[in-house]
Amino acid sequence: QVQLVESGGGLVQAGGFLRLSCVAARLTFSRFIFGWFRQAPGKEREFVAAITWNGGATYGSDSVKGRFTISRDNAKNTIYLEMNSLQPADTAVYYCAASFRSTVVTTDRGYDYWGQGTQVTVSS
């Protein structure tokens with residue numbers, strides 16, 4: 001089994017920067033697809049980004065493209081989400097997820113493991 005643990009969330013002012021980390025404990029297979037999702041209060045869970053086992057990246061809405069960067073370090077079993085120029089609309093709980101599928105899925109269906117989330121709050 002795979003356990004995902006997110007960290008790096010917190011409070012940041014608008015225009016600031018955060019880097020989220022997701023450690024995939026006990027990961028024995030390198031071909032997982034990893035995704036980041038976020039969920040604001042009262043809203044549906046939103047796809048943010050995903051990355052394949054060999055580093056191919058997919059991003060969600062236009063609001064995150066160009067500002068967020070997903071990456072992974074297979075040697076450290078860690079996935080990152082770097083978030084630049086943060087806005088209050090980015091405030092949400094951010095979740096790391098892993099999928100056995102061979103192609104990227106942009107909804108939460110198809111993801112087999114989930115972390116507990118890390119809170120990101122952007123003030124203005």
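## Overall fold

Contact here means heavy atoms within 4.5 Å. In this predicted model, 56% of the contacts between residues at least 6 apart in sequence join residues at least 24 apart. The chain contains zero helices and 11 strands, so that its pattern, read along the sequence, is β-β-β-β-β-β-β-β-β-β-β. Because its radius of gyration is 13 Å, close to the 14 Å that the globule rule gives for 124 residues, the chain is as compact as a globular protein of that length.

Taken along the principal axes, the box filled by the C-alpha atoms is roughly 40 × 25 × 25 Å. Of the 124 residues of the chain, 42% count as buried.

## The disulfide

The count of disulfides comes to one, and the pair concerned is C22 and C96, whose sulfur atoms are 2.2 Å apart. Since C22 lies in strand β3 (residues 18-25) and C96 in strand β9 (residues 92-99), the pair ties together parts that are 74 residues apart in sequence. In general terms, such a link is a covalent bond between the sulfur atoms of two cysteines.

The torsion about the S-S bond of C22 and C96 is about -80°, and the disulfide is therefore left-handed. Both C22 and C96 are buried.

## The salt-bridge network

A search of the whole structure finds four salt bridges, and R38, E46, R67 and D90 are linked in a network of such bridges. R38 forms a salt bridge with E46, with the closest N and O atoms 2.9 Å apart; R38 is buried, at a relative accessible area of 5%, whereas E46 is partly exposed, at 26%.

R38 also forms a salt bridge with D90, where the closest N and O atoms are again 2.9 Å apart. Because R38 lies in strand β4 (residues 33-39) and D90 in the loop between β8 and β9, this pair ties together parts that are 52 residues apart in sequence. The side chain of D90 meets that of R67 in a further salt bridge of 2.9 Å, N to O, and this pair links distant parts of the chain, with D90 in the loop between β8 and β9 and R67 in the loop between β6 (57-59) and β7, 23 residues apart. D90 is buried, with a relative accessible area of 1%, and R67, at 11% relative accessibility, counts as buried as well.

## A buried arginine without a salt bridge

R72, which is found in strand β7, is buried yet has no salt bridge, and the nearest side chain of opposite charge, that of D73, is 8.4 Å away.

T78 lies in strand β8 and is buried, with a relative accessible area of 7%. The side chain of T78 reaches the backbone oxygen of K76 at 2.8 Å. Residues up to four places away in sequence being left out, T78 touches S21, C22, V23, S71, R72 and D73; among these is C22, which takes part in the disulfide with C96.

I51 lies in strand β5 (residues 46-51) and is buried, with a relative accessible area of 2%. With residues up to four places away in sequence again not counted, the contacts of I51 are F32, I33, F34, G56, A57, I70, S71, R72 and I79. I51 and E82, which are 31 residues apart in sequence, are 13 Å apart in space, C-alpha to C-alpha.

Most residues other than glycine have a negative phi. N77 has a phi near 55°, a positive value in a residue other than glycine, and S85 likewise has a positive phi, of about 50°, although it is not a glycine.

N77 lies in the loop between β7 (68-73) and β8 (78-83), while S85 lies in the loop between β8 and β9. N77 counts as partly exposed at 25% relative accessibility, and S85 is partly exposed with a relative accessible area of 41%.

Conventions. Residues numbered from 1 in each chain as written. Predicted model: local features only at pLDDT ≥ 70, side-chain atom pairs only at ≥ 80, totals over all residues. Heavy atoms only, no water. Disulfide = S-S within 2.5 Å. Helix = DSSP H or I, 4+ residues; strand = E, 2+ residues; numbered from the N terminus. Buried < 20%, exposed > 50% of the residue type's maximum accessible area, 1.4 Å probe, protein only. Lys, Arg positive; Asp, Glu negative; His and termini not counted. Rg over C-alpha atoms; globule rule 2.2 N^0.38 Å. Polar contact = N/O pair within 3.5 Å; in protein donor to acceptor, adjacent residues only side chain to side chain.
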